[in-house]
Amino acid sequence: MLIVWNEKDERLKGENLTLTARARTQAESIEALSASYTAQRKLTHDFNAHLATLSSYLDNGQIKDAQDYMATLQEQQTDRILIANTRNSTIDALLNQKAQVAKKNNIDIRFKVNDLSGIQVAPIDLVIIIGNLLDNAIEACVKLPAGEREIYAQLLLEDTLFLSFRNTSLPVEIINGYIATTKKPPDLHGFGLQNVKTALKKYDSFYDMAYEDGYFAFTIEMENDSPSATKNSFFAT
């Protein structure tokens, strides 16, 4: 009975940490989406006023003033432009939220994306997979000098969904598909990657991770389909 109780306690602890991670990533995505929507509404509200000001300058022949005003608008707009535009609101919110975190930590982050509006993968699973892998990449980068921090992510939808996350990192030891951790206590860490694997198990998916020449990479290819309890994921050996 004691063994069974301990097993249940460990399982419940793991499930609780998983749910906590899901709630955190969901909250971050919703907050980012809300902020983007609010910024867009403000921009739309101000649009007519900006046009009127520019029109007034031009009508009065104040070309230099119009040019200066345009330069100011372009500078302000830079912070509002979405860093990634996939036509998928969940992914857009998540990528732009993580990009802002990366920017604050002096990380050079770049995305290669295409039209992801046709993704059938459940939004909650997308948030878990993409959010945790970007969190791990950011965490790895901040341990390096500012000039060495790089993240490059690809999210491409063709016949299948291809996801790739590559970042600079201190040396990483990968043992039997798991990353050795030095964090204390060890049982409270590693759930981010485990959550990714758990989400991938719902889909016909292939994933691989590797460390080489100062870069850690996690690559995924998965069917663009609804989740199913009968599906499996495969780790490259």
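Visitor: Let's begin with helix α3. How many residues does it have, and how far does it reach?
Guide: Helix α3 covers residues 89-104, which is 16 residues. From first C-alpha to last it reaches 23 Å, close to the 22 Å expected at 1.5 Å a residue. Keep in mind that this is a predicted model.

Visitor: Which residues of α3 are buried?
Guide: The buried ones are I91, D92, A93, L94, L95, N96, Q97, K98, A99 and A102.

Visitor: What happens at the start of α3?
Guide: N88 reaches in there. One of its side-chain oxygens comes to within 3.2 Å of the backbone nitrogen of T90.

Visitor: And what follows the helix?
Guide: N106 follows α3, and its phi is positive, near 55°.

Visitor: Back to N88. Where is it found?
Guide: N88 is in the loop between α2, residues 63-78, and α3.

Visitor: Buried or exposed?
Guide: N88 counts as buried, because its relative accessibility is 11% and the cut-off for buried is under 20%.

Visitor: What else does N88 touch, beyond its sequence neighbours?
Guide: Leaving out residues up to four places away in sequence, N88 touches L116 and I119. With L116 there is a polar detail too: the backbone oxygen of L116 lies 3.3 Å from a polar atom of the N88 side chain.

Visitor: New topic: salt bridges. How many does the structure hold?
Guide: It holds five. One of them joins the side chains of D115 and R87, at 3.1 Å from N to O.

Visitor: Why does that pair tie separate parts together?
Guide: D115 lies in the loop between β1 (108-113) and α4 (123-141), and R87 lies in the loop between α2 and α3, so the pair ties together parts that are 28 residues apart in sequence.

Visitor: How open are those two residues?
Guide: D115 is partly exposed, at 36% relative accessibility. R87 is exposed, with a relative accessible area of 60%.

Visitor: Which residue forms a salt bridge with K98?
Guide: D135 does. The closest N and O atoms of D135 and K98 are 2.7 Å apart. This pair links distant parts of the chain: D135 sits in helix α4 and K98 in helix α3, 37 residues apart.

Visitor: Are D135 and K98 buried or exposed, and why?
Guide: D135 counts as buried because its relative accessibility is 19%. K98 is buried as well, with a relative accessible area of 1%. The cut-off is under 20%.

Visitor: What brings such side chains together in general?
Guide: Side chains of opposite charge can pair when their charged atoms come close.

Visitor: Which residue does R110 form a salt bridge with?
Guide: R110 forms one with D108, where the closest N and O atoms are 3.8 Å apart. R110 counts as partly exposed, at 42% relative accessibility. D108 is partly exposed too, at 39%.

Visitor: In what sense does β3 pair with β7?
Guide: Antiparallel. Strand β3, residues 160-168, pairs with β7 over nine bridges. In that pairing, T160 stands opposite E223 in β7.

Visitor: And β6 with β7?
Guide: That pairing is also antiparallel, over eight bridges, with β6 at residues 205-212. M209 stands opposite F218 in β7.

Visitor: What sits between β6 and β7?
Guide: The two strands form a hairpin with two residues between them. D213 in the turn has a positive phi of about 55°.

Visitor: Zoom out for me. How many helices and strands are there?
Guide: The protein chain has five helices and eight strands. From the N terminus on, the order is α-α-α-β-α-β-β-β-β-α-β-β-β.

Visitor: How much of the chain is buried?
Guide: Buried residues make up 34% of the 237 residues.

Visitor: What about the surface?
Guide: The accessible surface comes to about 14,300 Å². Carbon and sulfur atoms account for 54% of that.

Visitor: Last one. What share of contacts join residues at least 24 apart?
Guide: Among contacts between residues at least 6 apart in sequence, 71% join residues at least 24 apart.

Technical notes. Residues are numbered from 1 along each chain as its sequence is written. This is a predicted model: local features need pLDDT of at least 70, side-chain atom pairs count only at pLDDT 80 or more; totals for chains, interfaces and linings use all residues. Side-chain values use heavy atoms; hydrogens and water are left out. Two strands pair if DSSP finds at least two bridges between them. Helices (H or I, at least four residues) and strands (E, at least two) are DSSP runs, numbered from the N terminus. The expected span of a helix is 1.5 Å times one less than its number of residues. Buried means under 20% relative accessible area, exposed over 50%, partly exposed in between (1.4 Å probe, protein chains only). A polar contact is a pair of N or O atoms within 3.5 Å; within protein, one must be able to donate a hydrogen and the other to accept it, and residues adjacent in sequence count only if both atoms are side-chain atoms. Contact means heavy atoms within 4.5 Å. Accessible areas come from the Shrake-Rupley method with a 1.4 Å probe; for residues, only the protein chains shown count as cover. A salt bridge is a side-chain nitrogen of Lys or Arg within 4 Å of a carboxyl oxygen of Asp or Glu.
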